[in-house]
Amino acid sequence: MPEVLRNQLSAELLKLRTGLALPALLLVALAFCALGQLGLVYAESDPASAGAELTANIVGLGASAALFATLLGALHVTGEFSSGSIGRTVLYAPGRSAVVGAKLLATTVSGLVFGVAAVACSLAVGYAALAAKDSGLTVDGSTWTTAAAVLTICTLAGPWGAAIGFVVRNRLAAVLGLVVWGTLGQVLVLGQLPELGRFLPEGAQFALLGDASGFPDALAPPYGLLLLVGWTAAMSLAGTRLFTHRDV
């Protein structure tokens, strides 16, 4: 990678590290995950007999952190449009495409951070909750497969949010749209139109997690991965094209 592009990426990573959005959203994401995992464990009457399936489900709930990784990605882009600092970013960058690429890479790193933290939190909360019920985690291959799926989903969620930010530009619209869709819209579509929902990003996430109980109409995991990557790439290309052809 040329030095000028490395510098651009370093600048974007610095913005993420020094802002309040990353730690705030990460803490909320982990709290959200922990509540779901505690509810799952305490709703299980006999966790010892559930074994590896329960452990995999606990880890799988870590994928809920993806919404917050997406919000961070969107805020990382739309925040500069709202403050007007995007003009200075473009001025000092080697080109607009370099700005988009650096922000997408930086938010990919932040998404990976959310994924690692979510998996670690899942295992820690699951261990503590099961220990309180005189049981324990049953870690096997399915646990690590689910953990890898959570990492992938969260990692791709970062650039997905950033790409949406380049398309929408408005911070309030991006955040409200992501929150409403993430909490209500996807539930309605997946529930009422599963034949359509299976091809949407959320359906791809269920497919990647192999969660047949959560969404029986999901595709096979390999197709879910391809679909999720395809959606992220398509939105990134749309964001790049719009950013390079519109005024800032």
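Author: Start with burial. Buried means under 20% relative accessible area, exposed over 50%, and partly exposed in between, using a 1.4 Å probe and protein chains only. This is a predicted model, where local features need pLDDT of at least 70, side-chain atom pairs count only at pLDDT 80 or more, and totals for chains, interfaces and linings use all residues. Residues are numbered from 1 along each chain as its sequence is written, and side-chain values use heavy atoms, without hydrogens or water.

Reader: Which backbone oxygen does the side chain of Thr107 reach?

Author: That of Lys103, at 2.7 Å. A polar contact is a pair of N or O atoms within 3.5 Å; within protein, one must be able to donate a hydrogen and the other to accept it, and residues adjacent in sequence count only if both atoms are side-chain atoms.

Reader: How do you know that Cys33 is in no disulfide?

Author: A disulfide is a pair of cysteine sulfur atoms within 2.5 Å. For Cys33 the nearest cysteine sulfur, that of Cys121, is 6.0 Å away. For Cys154 the nearest is that of Cys33, at 7.4 Å, and Cys154 is in no disulfide either. The whole structure has zero disulfides.

Reader: Are Cys33 and Cys154 buried or exposed?

Author: Cys33 has a relative accessible area of 1%, so Cys33 is buried. Cys154 has 0%, so Cys154 is buried.

Reader: How do you know that the span of α8 agrees with its residue count?

Author: The expected span is 1.5 Å times one less than the number of residues. The 22 residues of α8 should therefore span 32 Å, and the end C-alpha atoms are 30 Å apart, which agrees.

Reader: Where is the kink in α8 centred?

Author: On Trp181, with a kink of about 50 degrees. The bend at a residue is the angle between axes fitted to the seven residues ending there and the seven starting there.

Reader: What do the buried residues of α8 pack against?

Author: They pack against α4, α7, α9 (194-197) and α10. Among them are Leu178, Gly182 and Val189.

Key. Helices (H or I, at least four residues) and strands (E, at least two) are DSSP runs, numbered from the N terminus. Contact means heavy atoms within 4.5 Å.
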